[in-house]
Amino acid sequence: MSLYNRAAQFAPFAALAGYEEAIVETARQTSSKIEIMEDIRQLMDQKLSILCNHLDEEPIISITYFQPDNHKRGGCYVTVAGVLKDIRANEHIILLRDGKKIPIDYIISLDGEVFSINKP
């Protein structure tokens with residue numbers, strides 16, 4: 001039996017291609033976006049103000065934010081660290097030097113040495 005004929009006898013099973021990936025995708029867990037309390041929102045606003053005042057220093061910051069899933073409802077929380085390049089208030093994003101754009105409305109935590117400088 002030729003290789004072509006041998007392969008042809010298994011062709012009906014090709015209809016199941018992608019089935020395994022679909023099962024894995026269905027089982028993959030996502031989280032819901034947390035609605036933060038007003039006092040935390042005020043703290044984030046204060047920290048954003050501090051960052052605006054120190055933009056020229058290019059501080060290193062750590063940001064934890066919600067990243068929506070591209071394929072299903074929900075998402076996950078991600079923490080990234082990098083050098084602050086800009087805060088684009090009109091676009092509601094923080095831009096890091098590596099090009100990463102983080103939506104301000106999805107941020108739940110901002111950390112960095114720049115915040116300890118301004119403590120009394």
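# Close-up views of a predicted model

View 1. A search of the whole structure, which is a predicted model, finds 2 aromatic pairs, where rings of Phe, Tyr and Trp (its six-membered ring) pair if their centres lie within 6.5 Å, with planes under 30 degrees apart counted as stacked, over 60 as edge-to-face and the rest as tilted. Phe 66 and Tyr 106 form an edge-to-face pair, with 6.0 Å from centre to centre and 70° between the planes. Because Phe 66 lies in strand 1 and Tyr 106 in the loop between strand 4 (101–103) and strand 5, this pair ties together parts that are 40 residues apart in sequence; helices (H or I, at least four residues) and strands (E, at least two) are DSSP runs, numbered from the N terminus. Phe 66 is buried at a relative accessible area of 5%, whereas Tyr 106 is partly exposed at 28% (buried means under 20% relative accessible area, exposed over 50%, and partly exposed in between, with a 1.4 Å probe and protein chains only). Phe 66, Tyr 77 and Tyr 106 form one aromatic cluster, and Phe 66 stands opposite Tyr 77 in strand 2.

**View 2. Strand 1 and its two partner strands.** Strand 1 (residues 60–68) pairs with strand 2 (residues 75–88) in the antiparallel sense over 9 bridges, and with strand 5 (residues 107–111), also in the antiparallel sense, over 4 bridges; two strands pair if DSSP finds at least two bridges between them. Thr 64 stands opposite Thr 79 in strand 2 and opposite Ser 109 in strand 5. Strand 1 and strand 2 form a hairpin with 6 residues between them, and Gly 74 in the turn has a positive phi of about 95°.

View 3. The pairing is antiparallel in the open sheet, which 5 strands form in the order 4-3-2-1-5. Strand 4 and strand 5 stand at the edges with a single partner strand each, so one side of each is left without a neighbour in the sheet. From one strand to the next the twist averages 40°, and helix 3 packs on the sheet, touching strand 1, strand 2, strand 3 and strand 5, with its direction at about 45° to that of strand 5. Contact means heavy atoms within 4.5 Å, and axes are lines fitted to C-alpha atoms, for helices over the stretch in contact, with angles running from 0 to 180 degrees between N-to-C directions.

**View 4. The largest nonpolar core.** Of the 18 residues in this core, Leu 51, Ile 63, Ile 94, Ile 107 and Leu 110 touch the most other members; a nonpolar core is a set of buried Ala, Val, Leu, Ile, Met, Phe, Trp, Tyr and Cys residues joined through side-chain atoms within 4.5 Å. Helix 3, strand 1, strand 2, strand 3 (93–96), strand 5 and helix 4 (113–117) each supply at least two residues of the core, and its largest share, 4 residues, comes from strand 2.

**Notes on the model.** Residues are numbered from 1 along each chain as its sequence is written, and side-chain values use heavy atoms, with hydrogens and water left out. In this predicted model, local features need pLDDT of at least 70 and side-chain atom pairs count only at pLDDT 80 or more, while totals for chains, interfaces and linings use all residues.
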